[in-house]
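Here are my notes on the model, point by point. Please read them with the structure open.

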Amino acid sequence: MPLGGPLDGQAEVATSAVFGSGRPVLVYRGGLPAAKLGLVVVAWDGSRCAARALADALPILARAGEVRVLTVINEKPAAVAGLAAEAVRHLKAHGVDAVAEEVDGKGASIGESLEAYLAKTLPDILVMGAYGRSRLQEFILGGATEYMLHAPRVPLFLSH
């Protein structure tokens with residue numbers, strides 16, 4: 001699903017697809033080059049949505065040249081150092097070689113931390129759980145999904 005400008009309504013269409021389709025949604029900004037499967041990053045916080053995204057993305061991850069499981073620590077209580085080790089073990093059981101990485105999110109939102117990591121590593125796709133909180137909480141408090149949908153640097157594989 002392509003995204004255009006911030007006011008074209010496509011982010012709302014993407015949100016509806018994520019909530020209503022029961023399937024993962026690949027979202028990309030118009031004009032981005034076609035996604036290849038070199039480096040794929042999985043945003044991992046141990047949540048139900050992150051687990052769903054990881055499971056849904058297994059066919060993509062199996063074909064990727066490199067897989068990194070990224071946890072932003074010091075941003076939410078459950079996302080602690082070492083958390084991604086279980087996800088990496090799970091991927092290895094499915095034949096996917098992956099490495100765990102962590103970035104310190106202290107003083108930044110999860111979206112800002114992810115964006116900084118993406119700018120530095122330039123992956124081909126970011127896999128992430130979408131809307132781990134209710135739509136109302138996301139609207140009021142903001143969240144990583146809304147932040148990433150604003151102007152995605154790389155294609156997003158979103159799963160709810």
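1. Is Arg-153 buried, exposed or partly exposed? Arg-153 is partly exposed, at a relative accessible area of 35%. The classes are: buried under 20% relative accessible area, exposed over 50%, partly exposed in between (1.4 Å probe, protein chains only). Arg-153 also forms a salt bridge with Glu-115, with 2.8 Å between the closest N and O atoms. A salt bridge here is a side-chain nitrogen of Lys or Arg within 4 Å of a carboxyl oxygen of Asp or Glu. This pair links distant parts of the chain, 38 residues apart: Arg-153 sits in the loop between helix H7 (144–150) and E7, Glu-115 in helix H5 (residues 110–121). Glu-115 is buried, with a relative accessible area of 17%.

2. Ground rules. This is a predicted model, in which local features need pLDDT of at least 70 and side-chain atom pairs count only at pLDDT 80 or more, while totals for chains, interfaces and linings use all residues. Residues are numbered from 1 along each chain as its sequence is written, and side-chain values use heavy atoms, with hydrogens and water left out.

3. Overall layout. The protein chain has seven helices and seven strands. These are DSSP runs numbered from the N terminus: helices are H or I with at least four residues, strands E with at least two. Along the sequence the pattern reads β-α-β-β-α-α-β-α-β-α-β-α-α-β. Of the 160 residues, 43% count as buried. Contact means heavy atoms within 4.5 Å. Among contacts between residues at least 6 apart in sequence, 75% join residues at least 24 apart. The accessible surface comes to about 8000 Å², and 57% of that belongs to carbon and sulfur atoms. Areas come from the Shrake-Rupley method with a 1.4 Å probe; for residues, only the protein chains shown count as cover.

4. Other salt bridges. The count comes to seven salt bridges. Asp-45 and Lys-76 form one of them, at 2.7 Å from N to O. Asp-45 lies in the loop between E3 and H2 and Lys-76 in the loop between E4 and H4, so the pair ties together parts that are 31 residues apart in sequence. Asp-45 is buried at 18% relative accessible area, whereas Lys-76 is partly exposed at 33%. Glu-86 pairs with Arg-89 in a salt bridge, with the closest N and O atoms 2.2 Å apart. Both lie in helix H4, three residues apart, about one turn of the helix.

5. Arg-68. Arg-68 lies in strand E4 and counts as buried, at 16% relative accessibility. Its side chain also makes a polar contact with the side chain of Tyr-117, at 3.3 Å. A polar contact is a pair of N or O atoms within 3.5 Å; within protein, one must be able to donate a hydrogen and the other to accept it, and residues adjacent in sequence count only if both atoms are side-chain atoms. Beyond four places in sequence, the contacts of Arg-68 include Val-41, Val-99 and Thr-121.

6. Ile-73. This residue lies in strand E4 (residues 66–73). Ile-73 is buried, with a relative accessible area of 15%. The C-alpha atoms of Ile-73 and Lys-106 are 7.5 Å apart, at 33 residues along the chain. Beyond four places in sequence, the contacts of Ile-73 include Val-80, Val-103 and Lys-106.

7. Helix H2. Cys-49, Ala-50, Ala-53 and Leu-54 are buried in helix H2 (residues 48–56). Down the H2 axis, the buried residues fall within an arc of 140°, so they line one face of the helix. The arc is that of the directions from the helix axis to the C-beta atoms. Their cover includes strand E3 (39–43), helix H4 (84–93) and strand E6 (125–129).

8. Nonpolar cores. A nonpolar core is a set of buried Ala, Val, Leu, Ile, Met, Phe, Trp, Tyr and Cys residues joined through side-chain atoms within 4.5 Å. The largest has 22 residues, and those touching the most other members are Leu-114, Leu-126, Met-128, Met-148, Leu-156 and Leu-158. H5 gives the largest share of this core, four residues. Beyond four places in sequence, Met-148 touches Leu-114, Leu-118 and Leu-126, among others. Apart from this core lies another, of 21 residues, among them Val-40, Ala-53, Val-67 and Leu-91.
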